[in-house]
Amino acid sequence: MMIIKSIEEVVRERIIEASEVALTHFRNAVRTIYGVSSKGNPTHSGSAIFLQLQDIHYLVTAAHVIDWNSSMTLYLGADTFDALQSELLITVAPEGDRQKDHFDFAVVPLDSEIISKLSGAKFITENEISRSIEKTNGRIYTCLGYPNSKNKVNSYKDTKVQPSLGIYTSLGKTTDFLEEIATDHDHILIDHDTQYSCDGSGNQIKSMDLHGFSGGAIIDVGRISPDTLNSNLTPKLAALFIEVSNKKNNRKQCILGTRLSTILGGIQMQ
């Protein structure tokens with residue numbers, strides 16, 4: 001018996017497939033960052049991704065995550081927790097205000113001692129990075145990061161931490177949604193409803209709070225169109241998750257990411 005599916009069902013199935021492919025390929029390249037205050041109180045600060053460019057290994061995260069280093073010691077969550085105490089490349093906050101920094105990235109070279117402790121970690125290589133600056137609308141993007149809500153630390157009950165990775169998949173938006181700060185050359189925008197999302201069965205559920213995803217990965221899994229629905233998905237790291245836009249009085253927000261092509265350009269200038 002022939003089964004006829006609606007367009008919505010076909011798109012939803014393709015998005016689910018894209019999520020699974022992106023998660024399988026990149027989950028081990030995304031780690032969490034924790035901060036510990038001078039009083040010893042731990043808190044989840046954000047996410048980070050691993051890159052390998054030629055023979056150099058890097059941790060890449062959002063600059064505003066690294067900014068927490070001014071008030072606490074930051075630790076990379078791996079097999080053990082290692083303090084981030086390396087020299088780094090970081091974007092400049094205009095007028096000292098990070099909220100005005102719409103590139104918002106930091107790059108930390110990793111030494112051999114830290115790398116040796118990262119068993120199971122994946123370092124994303126150049127052939128797994130998208131340098132394309134195609135229009136984002138109609139493309140599927142999967143975001144991988146560690147939400148604060150799932151990575152809280154109760155220092156009074158337990159000293160062990162089991163990081164919990166979050167996944168969010170949606171379609172790209174045109175940069176004119178944030179035309180005052182975003183450009184096609186440097187940014188990727190992804191649709192996000194702050195109140196409601198759909199699960200794998202199409203049921204409406206409460207949207208995940210994406211605080212803590214900053215510094216995580218945005219994966220380009222391809223375009224949705226009639227001629228691509230049966231093609232193989234080839235996920236590529238496309239951008240660094242920076243923030244969820246803060247347009248007021250509008251639940252239809254968007255995720256803002258800085259393209260990896262822009263970040264690589266910054267690294268090559270050093």
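Reader: Is Glu-126 buried, partly exposed or exposed in this model?

Author: The model is a predicted one. A residue counts as buried under 20% relative accessible area and as exposed over 50%, with partly exposed in between. Glu-126 has a relative accessible area of 35%, so Glu-126 is partly exposed.

Reader: Which residue forms a salt bridge with Glu-126?

Author: Arg-131 does, and the closest N and O atoms are 3.2 Å apart. Arg-131 is partly exposed too, at 42% relative accessibility.

Reader: Where in the chain are Asp-184 and Lys-135, which form a salt bridge?

Author: In this salt bridge the closest N and O atoms are 2.8 Å apart. The pair links distant parts of the chain, 49 residues apart. Asp-184 is in the loop between strand 9 (166-173) and strand 10 (187-193), while Lys-135 is in the loop between helix 3 and strand 8. Asp-184 counts as partly exposed at 23% relative accessibility, whereas Lys-135 is exposed at 52%.

Reader: How many salt bridges does a search of the whole structure find?

Author: The search finds 10.

Reader: What describes a pair of aromatic rings?

Author: Such a pair is described by the distance of the centres and the angle of the planes. This structure holds 2 aromatic pairs. In one of them, the rings of Phe-50 and Phe-123 have centres 4.9 Å apart and planes at 25°, so the pair is stacked. Phe-50 is in strand 2 (residues 42-53) and Phe-123 is in the loop between helix 3 (112-116) and strand 8 (139-145), 73 residues apart. Both residues are buried.

Reader: How is the pair of Phe-213 and Phe-241 arranged?

Author: That pair is tilted, with 5.5 Å from centre to centre and 50° between the planes. Phe-213 is in the loop between strand 12 (204-206) and strand 13 (217-223), and Phe-241 is in strand 14 (residues 236-244). Phe-213 and Phe-241 are buried.

Reader: Where does the charged end of Lys-173 sit?

Author: It sits over the ring of Phe-177, 4.4 Å from the ring's centre.

Reader: How many helices and strands are there in the protein chain?

Author: The protein chain has 4 helices and 15 strands. Of its 270 residues, 47% are buried.

Definitions and conventions. Residues numbered from 1 in each chain as written. Predicted model: local features only at pLDDT ≥ 70, side-chain atom pairs only at ≥ 80, totals over all residues. Heavy atoms only, no water. Helix = DSSP H or I, 4+ residues; strand = E, 2+ residues; numbered from the N terminus. Buried < 20%, exposed > 50% of the residue type's maximum accessible area, 1.4 Å probe, protein only. Phe/Tyr/Trp six-rings, centres within 6.5 Å; stacked < 30°, edge-to-face > 60°. Lys NZ or Arg CZ within 6 Å of the ring centre and 35° of its normal. Salt bridge = Lys/Arg side-chain N within 4 Å of Asp/Glu carboxyl O.
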